[in-house]
Amino acid sequence: MLNIFPIQFLALFAHFILRLFVAGVVLYFGITHIKHRTELTKILSVPWWRFPVWNTVLLILTELVIATSLVLGIYTQIGALLLMILSLKMLMLRKRWQHSSIASSSTYVLLLGCGLSLFITGAGVLAFDLPI
């Protein structure tokens, strides 16, 4: 069947567009978590861990590394793998960590799907990763 809008030449940019939007969302989460880091430190504390600040710092650094990796297209599949791990972790711990700056479970399900797609397909055009 014929496409109504024959724009197959833009198919190469589909991964690039997905990469930019996912990176924008994760970067937004990282900046929001930086703004609320003192409140998040109280929520993310674990009783057996002495340094509750490190949980918040690790969450923020992971989000910023993922966003940087996806925006620049450097180690995109590793960034997508980190995104999938972060999404699974946030899905499991979402009920225990109740805060307005932590997104809903459905957001992390969508990010898990986007991370899986980027992991399988790679970076797309305008990236430093070389397609194999």
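Helices here are DSSP runs of at least four residues, numbered from the N terminus. In this predicted model, the protein follows the pattern α-α-α-α-α along its sequence. That amounts to five helices and zero strands.

**Overall form**

The C-alpha trace spans about 60 × 30 × 20 Å along its principal axes. The protein has 132 residues, and 32% of them count as buried. Its exposed surface comes to about 8,800 Å², with carbon and sulfur atoms supplying 75% of that area. Among contacts between residues at least 6 apart in sequence, 71% join residues at least 24 apart.

**The nonpolar core**

The largest nonpolar core holds 21 residues, and V26, M90, Y108 and L111 have the most contacts inside it. Two or more residues come from each of α1 (14-35), α3 (52-72), α4 (76-93) and α5 (105-121). Helix α4 gives the most, with five residues.

M90 can be followed through its contacts. Leaving aside neighbours within four places in sequence, M90 touches L59, W97, I102 and Y108.

**Helix α5**

Helix α5 has 17 residues and reaches 24 Å from its first C-alpha to its last, close to the 24 Å expected at 1.5 Å a residue. Its buried residues include Y108, L111, G115 and L118. These residues lie on the same side of α5, because they cover an arc of only 80° around the axis. On the other side of the helix, L110 and I120 are exposed. Just after α5, G122 takes a positive phi of about 95°.

**Aromatic pairs**

The count of aromatic pairs comes to two. Both are listed below.

| Pair | Centre to centre | Angle between planes | Class |
|---|---|---|---|
| Y28 and F29 | 6.3 Å | 50° | tilted |
| F29 and Y108 | 6.0 Å | 40° | tilted |

Planes under 30 degrees apart would count as stacked and those over 60 as edge-to-face. The planes of F29 and Y108 stand at 40°, so this pair is tilted. The pair links distant parts of the chain, since F29 sits in helix α1 and Y108 in helix α5, 79 residues apart. Ring pairs join Y28, F29 and Y108 into a cluster.

Y28, at 57%, counts as exposed. The cut-off for buried is under 20% relative accessible area, and for exposed it is over 50%.

**V71 in helix α3**

V71 lies in helix α3. Is this residue buried, exposed or partly exposed? Its relative accessible area is 39%, so V71 is partly exposed. Leaving aside neighbours within four places in sequence, V71 is in contact with R19, L20 and A23. The C-alpha atoms of V71 and I17 are separated by 10.0 Å, although the two residues are 54 apart along the chain.

Note on methods:
Residues numbered from 1 in each chain as written. Predicted model: local features only at pLDDT ≥ 70, side-chain atom pairs only at ≥ 80, totals over all residues. Heavy atoms only, no water. Buried < 20%, exposed > 50% of the residue type's maximum accessible area, 1.4 Å probe, protein only. Contact = heavy atoms within 4.5 Å. Areas by Shrake-Rupley, 256 points an atom, 1.4 Å probe, with all protein chains shown as cover. Core = buried A, V, L, I, M, F, W, Y, C linked by side-chain atoms within 4.5 Å. Expected span 1.5 Å × (residues − 1). Arc of directions from axis to C-beta. Phe/Tyr/Trp six-rings, centres within 6.5 Å; stacked < 30°, edge-to-face > 60°.
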